[in-house]
Amino acid sequence: MKIEKIYRLAIDEYDTPTTDFYTSKEEALSQLEDFKELLREEDYMGDGFEFGTSIILQCFSLNTLDDIYDECDTEDTVSEWVIDKDYTYDYQKDRAVAGITTEEVFGMWKDYEVK
């Protein structure tokens, strides 16, 4: 069986961290939750994630690839760090009831379907 494409997950606009390369899109996507956990544990983004940070699925065509650091053929956003409006609202409301004013905002990963 000839492998024509390889896939991996990466943080947008960054060279690292990434997952290993996989020979199928499904196999790469099966690593999404583990990749999110790795990012959380290692705190790659410093003091948390910037809202709008995305995890992308990169596809490399081996037929046209000269160097592994070349641009990938396609990138699809599979997850994005967004404001968790419900949790943030409940937290701020609970703090206000206790007489504490806060502007703290919480985030969550929002997953997207990839075709």
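This is a predicted model: local features need pLDDT of at least 70, side-chain atom pairs count only at pLDDT 80 or more; totals for chains, interfaces and linings use all residues.
Ser-54 counts as buried because its relative accessibility is 8% (buried means under 20% relative accessible area, exposed over 50%, and partly exposed in between, with a 1.4 Å probe and protein chains only). Residues are numbered from 1 along each chain as its sequence is written, and side-chain values use heavy atoms, with hydrogens and water left out.

**View 1. Ser-54 in strand β2.** This strand covers residues 54–61 (strands are DSSP runs of E, at least two residues, and helices are runs of H or I, at least four, numbered from the N terminus). Setting aside neighbours within four places in sequence, Ser-54 is in contact with Ala-10, Ile-11, Asp-12, Thr-77, Ser-79 and Glu-80 (contact means heavy atoms within 4.5 Å).

**View 2. Thr-88 in helix α3.** Here we visit the helix of residues 85–97. Thr-88 is buried because its relative accessible area is 7%. A polar atom of the Thr-88 side chain lies 2.9 Å from the backbone oxygen of Asp-84. Beyond neighbours within four places in sequence, Thr-88 is in contact with Ile-83, Glu-104, Val-105 and Phe-106.

**View 3. Glu-37 in helix α2.** Glu-37 sits in the helix of residues 32–42. Its relative accessibility is 31%, so Glu-37 counts as partly exposed. The side chains of Glu-37 and Arg-40 make a polar contact at 2.5 Å (a pair of N or O atoms within 3.5 Å; within protein, one must be able to donate a hydrogen and the other to accept it, and residues adjacent in sequence count only if both atoms are side-chain atoms).
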